[in-house]
Amino acid sequence: QVQLVESGGGLVQAGGSLRLSCAASGFIFRLNAMGWYRQAPGKQRELVAAISSGGSTNYADSVKGRFTISRDNVKSMVYLQMNSLKPEDAAAYYCQTSIVRFGTSRDYWGQGTQVTVSS
């Protein structure tokens, strides 16, 4: 079955860095686009960054220039390098992918990893 397992969250001071990792299994990783989303308390989940199967990336305006998404197709891993963290970056971060089977697309999510940024 599809599994996405995030790690790497934690507490960091403003201006610091964290690297999130997502281990994927249960599907052909190299063929799938992957995304990182975040959700802060009382707010909607939002896309932070995405990477296509070919390696093209896109970012939310709020993180451009600070965050970098990357993938390792050999290890079936996707990463989110977060630099110059701000208090407003604090949230639960989720790894996501969409898989089409029998003509139907379904989103899969990890359990999330918490990022806390102290000012």
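This is a predicted model: local features need pLDDT of at least 70, side-chain atom pairs count only at pLDDT 80 or more; totals for chains, interfaces and linings use all residues.

Me: What makes Arg71 a buried residue that has no salt bridge, and how far away is the nearest side chain of opposite charge?

Reply: A salt bridge needs a side-chain nitrogen of Lys or Arg within 4 Å of a carboxyl oxygen of Asp or Glu. For Arg71, the nearest side chain of opposite charge is Asp72, and that is 8.3 Å away. Arg71 is therefore left without a salt bridge, since the cut-off is 4 Å.

Me: What does the side chain of Arg71 reach, then?

Reply: The backbone oxygen of Ser52, at 2.9 Å. The backbone oxygen of Phe29 also lies 2.7 Å from a polar atom of the Arg71 side chain. Arg71 itself belongs to strand S7, residues 67–72. Beyond its neighbours within four places in sequence, Arg71 is in contact with residues including Asn32, Met34, Ile51 and Val78.

Me: How do you know that Cys22 and Cys95 form a disulfide?

Reply: Their sulfur atoms are 2.2 Å apart, and the limit is 2.5 Å, so the pair qualifies. By this rule the count is 1 disulfide. Cys22 sits in strand S3 (residues 18–25) and Cys95 in strand S9 (residues 91–101), so the bond ties together parts that are 73 residues apart in sequence. Both Cys22 and Cys95 are buried.

Me: Why is the disulfide of Cys22 and Cys95 called left-handed?

Reply: Because the torsion about its S-S bond is about -80 degrees.

Me: What makes Arg38 and Asp89 a salt bridge?

Reply: Their closest N and O atoms are 2.9 Å apart, inside the 4 Å cut-off. Arg38 is in strand S4 and Asp89 in the loop between S8 and S9, so this pair links parts 51 residues apart in sequence. Arg66 also forms a salt bridge with Asp89, with the closest N and O atoms at 2.7 Å. Through shared partners, Arg38, Glu46, Arg66 and Asp89 are joined into one network. The whole structure has 4 salt bridges; among them is the one between Lys64 and Asp61, at 3.1 Å.

Me: Is Asp89 buried or exposed, and what about Asp61?

Reply: Buried means under 20% relative accessible area and exposed means over 50%. Asp89 comes out at 1%, so it counts as buried. Asp61 has 64%, so it is exposed. Arg38 at 6% is buried, and Arg66 at 10% is buried too.

Me: Which residues have the most contacts inside the largest nonpolar core?

Reply: Trp36, Val78, Leu80, Met82 and Tyr93, in a core of 30 residues. Elements that give two or more residues to this core include S3, S7, S8 and S9. As for Leu80, contacts beyond its sequence neighbours within four places include Leu18, Trp36, Val48, Phe67 and Tyr93.

How values were computed: Residues are numbered from 1 along each chain as its sequence is written. Side-chain values use heavy atoms; hydrogens and water are left out. Helices (H or I, at least four residues) and strands (E, at least two) are DSSP runs, numbered from the N terminus. Buried means under 20% relative accessible area, exposed over 50%, partly exposed in between (1.4 Å probe, protein chains only). Lys and Arg count as positive and Asp and Glu as negative; His and the chain ends are not counted. A polar contact is a pair of N or O atoms within 3.5 Å; within protein, one must be able to donate a hydrogen and the other to accept it, and residues adjacent in sequence count only if both atoms are side-chain atoms. Contact means heavy atoms within 4.5 Å. A nonpolar core is a set of buried Ala, Val, Leu, Ile, Met, Phe, Trp, Tyr and Cys residues joined through side-chain atoms within 4.5 Å.
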